[in-house]
Amino acid sequence: LLHTSIDLNDKNDPIGDIYQWASVSASAQFNNWFIPQLRMGYSQNLAGTKLSYYSLGVTLLKRAQLDVRWSSDRVEVDGSSIPRSAVFSLSIQSQF
């Protein structure tokens, strides 16, 4: 599955930063109970900071989702170069 999106105009978020996101992503479904789905993507803010992100995700055991997102921009902290921003998410899906 391929997906792309773009904000047609820039906007201010609640704290006043300007954003206008463009994104492209792909996911693959597998007939496998252990790793049924893989995801990857790229997003860039076309306004304001011009910050861009890479993302990777995996679904495990049909219920757990692990996603990681990091910026391509780097900063120096205590002599080490690290991503300007990084986020990870672990979630569990349940059915009722």
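Predicted model: local features only at pLDDT ≥ 70, side-chain atom pairs only at ≥ 80, totals over all residues.
Is Q20 buried or exposed? Select Q20: this residue is buried, with a relative accessible area of 16%, where buried means under 20% relative accessible area, exposed over 50%, and partly exposed in between (1.4 Å probe, protein chains only).

Residues are numbered from 1 along each chain as its sequence is written, and side-chain values use heavy atoms, with hydrogens and water left out.

**First stop: Q20**

Q20 is placed in the loop between β3 (18–19) and β4 (21–29); strands (E, at least two residues) and helices (H or I, at least four) are DSSP runs, numbered from the N terminus. Display the residues in contact with Q20 (heavy atoms within 4.5 Å). Apart from neighbours within four places in sequence, they are D7, L8, N9, D10, Q44, N45, L46 and A47. For D7, show the backbone oxygen, which lies 2.9 Å from a polar atom of the Q20 side chain.

**Second stop: the salt bridges**

Side chains of opposite charge can pair when their charged atoms come close. The structure holds 2 salt bridges, each a side-chain nitrogen of Lys or Arg within 4 Å of a carboxyl oxygen of Asp or Glu.

Select R39 and D67, whose side chains meet in a salt bridge at 3.0 Å, N to O. R39 belongs to strand β5 (residues 37–45) and D67 to strand β7 (residues 64–71), so the pair ties together parts 28 residues apart in sequence. R39 is buried at 19%, whereas D67 is partly exposed at 25%.

Next, select D73 and R84, whose salt bridge spans 3.9 Å, N to O. D73 lies in the loop between β7 and β8 (74–77) and R84 in the loop between β9 (80–83) and β10 (86–92), so this pair ties together parts 11 residues apart in sequence.

How many aromatic pairs does a search of the whole structure find? There are 4 aromatic pairs. Rings of Phe, Tyr and Trp (its six-membered ring) pair if their centres lie within 6.5 Å; planes under 30 degrees apart count as stacked, over 60 as edge-to-face and the rest as tilted. Select W33 and F34, an edge-to-face pair with 5.8 Å between centres and 75 degrees between the planes. W33 is exposed, with a relative accessible area of 59%. Finally, select Y42, Y54 and W70, which form one aromatic cluster.

Methods
Polar contact = N/O pair within 3.5 Å; in protein donor to acceptor, adjacent residues only side chain to side chain.
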